[in-house]
Amino acid sequence: MLPIDPQADDGRRAWVACPRCDDARHCTPCQERRTCGEHWRYLLSHSGSTLHLQCPGCTHVGP
Ligand SMILES: [Zn+2]
Ligand SMILES: [Zn+2]
């Protein structure tokens with residue numbers, strides 16, 4: 001697993017499903033696209049429309 005990026009800040013979160021662990025698949029708030037308290041990803045940075053996200057669960061980095 002990758003280390004959590006030093007830019008990661010839990011004050012900057014994005015509610016985007018993680019493509020690796022897909023842990024939000026069976027979660028009702030996530031499926032309703034609400035701000036789930038369990039499933040979110042660190043918003044590391046964004047350039048244009050590309051978000052750089054990191055999953056706190058599996059540490060996957062990427063869109
Ligand atoms: Zn993940
Ligand atoms: Zn959820």
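## Overall size

The radius of gyration here is taken over C-alpha atoms, and the globule rule is 2.2 Å times the number of residues to the power 0.38. For the 63 residues of this chain, that rule puts a compact globule near 11 Å, and the chain has 11 Å, so the two agree. Keep in mind that this is a predicted model.

Along its principal axes, the C-alpha trace spans about 30 × 25 × 20 Å. As for the inside, 16% of the 63 residues count as buried. Take the contacts between residues at least 6 apart in sequence: 56% of them join residues at least 24 apart.

## The parts list

You'll find one helix and four strands in the chain. Walk along the sequence and the pattern reads β-α-β-β-β.

## How the sheet goes together

The four strands make an open sheet in the order S1-S2-S3-S4, with antiparallel pairing. Strand S1 (13-14) and strand S4 (61-62) sit at the edges, each pairing on one side only.

Let's go across it. S1 and strand S2 (residues 41-47) run antiparallel and are joined by two bridges. Next, five bridges tie S2 to strand S3 (residues 50-54), again running antiparallel. Finally, S3 pairs with S4 over two bridges, also in the antiparallel sense.

## Two hairpins

S2 and S3 form a hairpin with two residues between them, and Gly48 in the turn has a positive phi of about 60 degrees. S3 and S4 make a hairpin too, with six residues between the strands; there, Thr59 takes a positive phi near 65 degrees.

Start at Arg13, which stands opposite Tyr42 in S2. Tyr42 in turn stands opposite Gln54 in S3, and the bridge partner of Gln54 in S4 is Val61.

## A closer look at Tyr42

Tyr42 lies in strand S2. Is Tyr42 buried or exposed? A residue counts as buried if 20 or more other C-beta atoms lie within 10 Å of its own. Tyr42 has 21 within that distance, so Tyr42 is buried.

Who are its contacts? Leaving out residues up to four places away in sequence, Tyr42 touches Asp5, Ala8, Asp9, Arg12, Arg13, Leu53, Gln54 and Pro56. As for Thr59, its C-alpha atom is separated from that of Tyr42 by 9.6 Å, with the two residues 17 apart along the chain.

Note on methods: Residues are numbered from 1 along each chain as its sequence is written. Chains are lettered from A and ligands numbered from 1 in the order in which they are written. This is a predicted model: local features need pLDDT of at least 70, side-chain atom pairs count only at pLDDT 80 or more; totals for chains, interfaces and linings use all residues. Two strands pair if DSSP finds at least two bridges between them. A residue is buried if 20 or more other C-beta atoms lie within 10 Å of its own, exposed if 12 or fewer, and partly exposed in between; C-beta atoms are placed from the backbone. Two residues are in contact if their C-beta atoms, placed from the backbone, lie within 7 Å.
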